[in-house]
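Look at the sequence and the 3D structure below. Keep both in view while reading the explanation that comes after them.

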Amino acid sequence: MGGGASKVPPSNDAALGVPGEPEGFGGLQLWAEHSKGKLLGRLNKKGSVADFLKQQHKLFDKHLPIVRDHIGAFVAEGDKGMESFAWFMRMMVGGATCTDKVVDANTVLEAAGGQGRASALCPTYTYNNSNLKVIVTRPKGAPKGGKLPALVWAHGGGIATTAKNWDWCGKAWAKALGAVVLNVDFRHGGLAEAPAGAMDLVAVVKWVHVNADELGVLPERVSVAGQSGGGFEASVACLELAARGEAGLVRAAFMDVPLMWPTEMLGPYDGMSEWRRFEHEVVCKQIYMCYAGPDWEARWGEGEKAPWLNILAAPDDLMAKSPKQVVLSVEFDICRWQVDAYAAKLQRCGALADFVLLPGASHMDANPFDKNFLKVWKRAWVLYSG
């Protein structure tokens with residue numbers, strides 16, 4: 001089934017319906033420092049929003065419907081395409097060392113008791129992964145025998161790549177934060193039935209606590225983070241931990257431009273700006289179809305809207321039990337509307353630690369090599385990981 005294509009956006013940025021500053025976050029520290037009164041209403045880099053959207057039209061209207069039907073081959077080709085880039089970035093990024101680990105996550109969850117391998121969010125799902133790869137990254141120069149905070153990290157790349165080509169990014173975060181970063185090779189949309197990826201993260205959180213001494217980490221300072229597609233998995237992992245009564249295993253959760261689905265994804269589109277309609281009707285819908293599989297329409301139906309696929313559908317009382325979350329997003333994100341709604345929902349439920357919209361930035365600016373985003377991330381880490 002097609003994603004449905006809206007009109008090519010007009011060339012006038014003002015006609016695109018760039019969202020303004022959301023209300024209700026004035027008391028948050030990072031919001032006050034970086035976002036309040038500072039949103040630009042335009043991209044801070046060369047090129048208009050309209051040109052930016054035309055590029056997205058080319059990608060999502062033409063290519064993603066083909067990708068959706070050939071996910072396995074696409075991921076394999078995506079990893080091949082990333083290999084040269086990853087090799088180059090490994091040469092450029094130093095200051096940390098990587099060690100590959102293989103975790104029998106089935107045993108980890110079973111040994112922990114409680115829910116075991118059964119998902120607390122999805123009663124029909126039983127977890128199965130005895131070969132979960134984790135890249136453990138430790139900053140160089142850390143005191144020998146000393147313990148550091150830990151960050152269980154879910155990489156970005158949507159449905160296109162796996163953890164092996166994101167080791168350089170884990171190194172960058174480890175160096176910047178002075179933390180042990182655990183880059184999880186989680187199973188993202190299209191590779192396994194949801195909530196497989198989120199459960200991979202839950203298993204690694206538990207594994208870190210059991211092996212804290214060996215890993216050289218402080219068990220009281222284990223945090224979770226996810227970028228883009230990894231942010232989707234991390235948000236669901238936090239909800240799974242809440243449902244298990246184990247949110248206390250995580251000190252804080254950091255969501256970088258998290259992928260999530262708007263409640264209006266299937267319309268009605270009347271009254272939506274060109275930009276918003278395109279992101280909902282084409283971009284989010286196409287990606288959701290990859291994550292949810294052939295039965296995506298039934299999974300979206302009013303009778304289901306399961307929180308392990310649709311985080312905004314999570315009950316407020318469950319969201320209130322989630323680890324405290326810091327939402328780090330950008331003014332021109334593809335998920336801008338639903339991320340604003342997610343931050344508001346977290347705040348209403350008492351689970352929002354802080355919220356940032358980086359002025360003038362787009363989705364691809366959310367990385368440790370963008371000086372503005374890195375500045376905000378490091379500040380968030382100091383404020384909320386300790």
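The text below goes from the overall build to the salt bridges.

This is a predicted model. The protein has 386 residues, and 60% of them are buried. Its secondary structure consists of 13 helices and 8 strands. Contacts can be sorted by how far apart the two residues are in sequence. Of the contacts between residues at least 6 apart, 81% join residues at least 24 apart. The accessible surface amounts to about 15,400 Å², and carbon and sulfur atoms account for 53% of that area.

Now turn to the charged side chains. Side chains of opposite charge can pair when their charged atoms come close. How many salt bridges does the structure hold? The count is 13. Some of them are described here one by one.

Start with Asp-213 and Lys-147, whose side chains form a salt bridge with an N to O distance of 2.4 Å. Lys-147, at 38%, counts as partly exposed.

A second salt bridge joins Glu-246 and Lys-206, with 2.8 Å between the closest N and O atoms. This pair also links distant parts of the chain: Glu-246 is in the loop between α8 (229–243) and β6 (253–256), Lys-206 is in helix α6 (residues 196–210), and the two are 40 residues apart. Glu-246 has a relative accessible area of 18%, so it counts as buried, the cut-off being under 20%. Lys-206 is buried as well, with a relative accessible area of 7%.

The next pair is Glu-240 with Arg-244. Their closest N and O atoms are 2.7 Å apart, and they form a salt bridge. Glu-240 is buried at 2% relative accessibility, and Arg-244 is buried at 11%.

Which residues are linked in a network of salt bridges? Asp-316, Lys-345 and Arg-348 are linked in this way.

Then find Glu-246 and Lys-206, both of which are buried.

Definitions and conventions:
Residues numbered from 1 in each chain as written. Predicted model: local features only at pLDDT ≥ 70, side-chain atom pairs only at ≥ 80, totals over all residues. Heavy atoms only, no water. Salt bridge = Lys/Arg side-chain N within 4 Å of Asp/Glu carboxyl O. Buried < 20%, exposed > 50% of the residue type's maximum accessible area, 1.4 Å probe, protein only. Helix = DSSP H or I, 4+ residues; strand = E, 2+ residues; numbered from the N terminus. Contact = heavy atoms within 4.5 Å. Areas by Shrake-Rupley, 256 points an atom, 1.4 Å probe, with all protein chains shown as cover.
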